[in-house]
Amino acid sequence: PAAPGGKSTPPLPPGVSASGAAPPDLPDWLSDIFGQPANPNMDNMLAELRPKGPYREVQVPQRLVARLIGKGGEVIMAMCNSTGADIKVRQETKHLGYSLAIITGPEKAMTLAEELVKQRLGIAGENAGTREIPIASEHVSAIIGPKGATITEMRLKCNNLNIEIRPQDNVTAGGPSHKAIMGPGDRSQLDQAEELIRARIAKNEAEVSSRKSQPKAAASSWGGKGSWGAPPLQPGQQGGAPGAPALGPPGGPPGQSL
């Protein structure tokens, strides 16, 4: 739906729907990656948050809210002072993984403030967009890493680009169960993120293939079935009976070198 001022209402983040729900056994440390069910009254709530007059709106990934506001609000206040616009961060939608930066003021001031906000978030420019990659279930944990360490490292390498792993909206038989959502960001960020994710998938595939191809270690023991091991010592014997040939190394007959 169109918002006052001619701006379209932004859609919910990718992978989040009014009926969507996280798996019942989802660990706490994955809750910010998979998202939470949407509020059935979301449209009404968003309408109450938005000003009646002209405004600009930027979705802020929740993990970047502190970056936008700054210590003691110094960053966002500097933006307001330099542009003449008013910028407020509304966090009523944070359970969906994002907050809203609401910008009001003269048209020129709003345009400049919107650009500064996007620059701060790393999503500035006309080429900002999003990208998705299908992910098979066996690669999900490898991409996320222990307690989210791997995916966090990818985000940092891509200049704080938002990267999330979510279940597919419609899973087909034999198809990938998840998807990686990247952005919004510029093309270079998206390309780098995709390269990192595909490299991690390739590494995980190689590791899985290597584990499957490794032969099981053969059991070995002294005197075991089919072995050339030396017989057990008898009581009173030390290193074999007097005059007995020297014992060979494990894996060969007595006295034979391998």
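**Exercise 1. Work out how helices H6 and H8 pack, and which hand their crossing has.**

Step 1: the crossing of H6 and H8 is right-handed, a crossing being called left-handed if the near helix is turned anticlockwise from the far one by less than a right angle, and right-handed if clockwise. The model is a predicted one, in which local features need pLDDT of at least 70 and side-chain atom pairs count only at pLDDT 80 or more, while totals for chains, interfaces and linings use all residues. Residues are numbered from 1 along each chain as its sequence is written, and side-chain values use heavy atoms, with hydrogens and water left out.

Step 2: H6 (residues 137-144) and H8 (residues 187-213) pack at an angle of about 115 degrees with their axes 9 Å apart; the axes are lines fitted to C-alpha atoms, for helices over the stretch in contact, and angles run from 0 to 180 degrees between N-to-C directions. Helices (H or I, at least four residues) and strands (E, at least two) are DSSP runs, numbered from the N terminus.

Step 3: H6 contributes Glu 138, His 139, Ala 142 and Ile 143 to the contact, and H8 contributes Ile 197, Arg 200, Ile 201, Asn 204 and Glu 205, where contact means heavy atoms within 4.5 Å.

**Exercise 2. Determine the strand order of the open sheet, and which strands stand at its edges.**

Step 1: the sheet has 3 strands in the order S3-S5-S4, with antiparallel pairing; two strands pair if DSSP finds at least two bridges between them.

Step 2: S3 (56-61) and S4 (86-90) each have a single partner strand and stand at the edges, so one side of each is left without a neighbour in the sheet. From one strand to the next, the twist averages 25 degrees.

Step 3: S3 pairs with S5 (residues 98-104) over 6 bridges in the antiparallel sense, and Gln 59 has Leu 100 of S5 as its bridge partner.

Step 4: helix H5 (residues 107-121) lies across S3, S4 and S5, and runs at about 10 degrees to S3.

**Exercise 3. Decide whether Ser 99 is buried or exposed, and describe its surroundings.**

Step 1: Ser 99 is found in strand S5.

Step 2: Ser 99 counts as buried because its relative accessibility is 0%, given that buried means under 20% relative accessible area, exposed over 50% and partly exposed in between (1.4 Å probe, protein chains only).

Step 3: leaving aside residues up to four places away in sequence, Ser 99 touches a set of residues including Val 58, Val 60, Val 65 and Val 89.
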